[in-house]
Amino acid sequence: MSRAFVKEDDAGEAPIIPPRAALPAGVPNYVRPQGLEKLRTELEELESERTIVEANRENDADRTRQLTILNGKLSALNGRIASARVIDPLEQIPDEVRFGATVKLRTLSGGKPGTIRQFTIVGVDEADVTQGLIGFVAPIAQAVTGAKVGQKLHLKLGRVEEEVEVVEIKYS
């Protein structure tokens with residue numbers, strides 16, 4: 001019999017479960033209240049998806065694979081929720097860059113002088129550069145933590161070193 005007509009059993013291959021955002025060992029899992037809410041919403045969505053897959057009895061091999069992936073994602077997500085340490089940005093020191101701060105920097109030299117850069121320091125699961133949300137473990141977040149308005153800092157951004165000034169700190 002030709003192998004072209006035999007179904008290959010790929011059940012032996014472990015499914016790849018995408019990892020969550022990196023959180024260095026020993027570093028607390030800081031989250032804003034809205035970050036924790038986002039994690040809980042994700043949990044509800046994954047549980048709903050698992051319920052739908054469990055109800056589907058058509059393709060057992062595919063169903064088993066999907067359930068394995070969903071259960072792995074749920075396990076990782078539950079671990080993140082369990083380890084979450086909620087930090088309310090409104091309880092931070094208002095004149096210093098800390099977790100939850102929205103920071104506005106002006107480039108003084110090294111890049112394009114006068115350029116304004118704004119971002120909010122958030123938990124690793126909330127981070128989204130396209131929305132200006134930077135994880136607190138990112139080098140730029142660590143470089144500005146503790147700074148005050150008017151303070152000048154040197155940032156290494158890729159190959160470019162810039163001198164920037166903190167022009168605004170907001171918490172909301």
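Me: Hi! Which residue stands opposite I121 in strand 5?
Reply: That would be I134. Strands here are DSSP runs of E with at least two residues, numbered from the N terminus. This is a predicted model, where local features need pLDDT of at least 70, side-chain atom pairs count only at pLDDT 80 or more, and totals for chains, interfaces and linings use all residues. Residues are numbered from 1 along each chain as its sequence is written, and side-chain values use heavy atoms, with hydrogens and water left out.

Me: Thanks! Do strands 4 and 5 pair in the parallel or antiparallel sense?
Reply: Parallel, over three bridges. Two strands count as paired if DSSP finds at least two bridges between them.

Me: And what about strand 3 and strand 4?
Reply: Those two pair in the antiparallel sense over five bridges, with strand 4 covering residues 116-122. K104 has Q118 in strand 4 as its bridge partner.

Me: How many residues sit between strand 3 and strand 4 in their hairpin?
Reply: Six, and G110 in that turn has a positive phi of about 95°.

Me: New topic: how do strand 3 and strand 7 pair?
Reply: Strand 3 (residues 101-109) and strand 7 (residues 160-171) are antiparallel partners over eight bridges. T102 is found opposite K170 in strand 7.

Me: So what order do the strands take in the sheet?
Reply: The order is 5-4-3-7-6, making an open sheet of five strands with mixed pairing. At the edges are strand 5 (133-135) and strand 6 (152-157), each pairing on one side only.

Methods
Helices (H or I, at least four residues) and strands (E, at least two) are DSSP runs, numbered from the N terminus.
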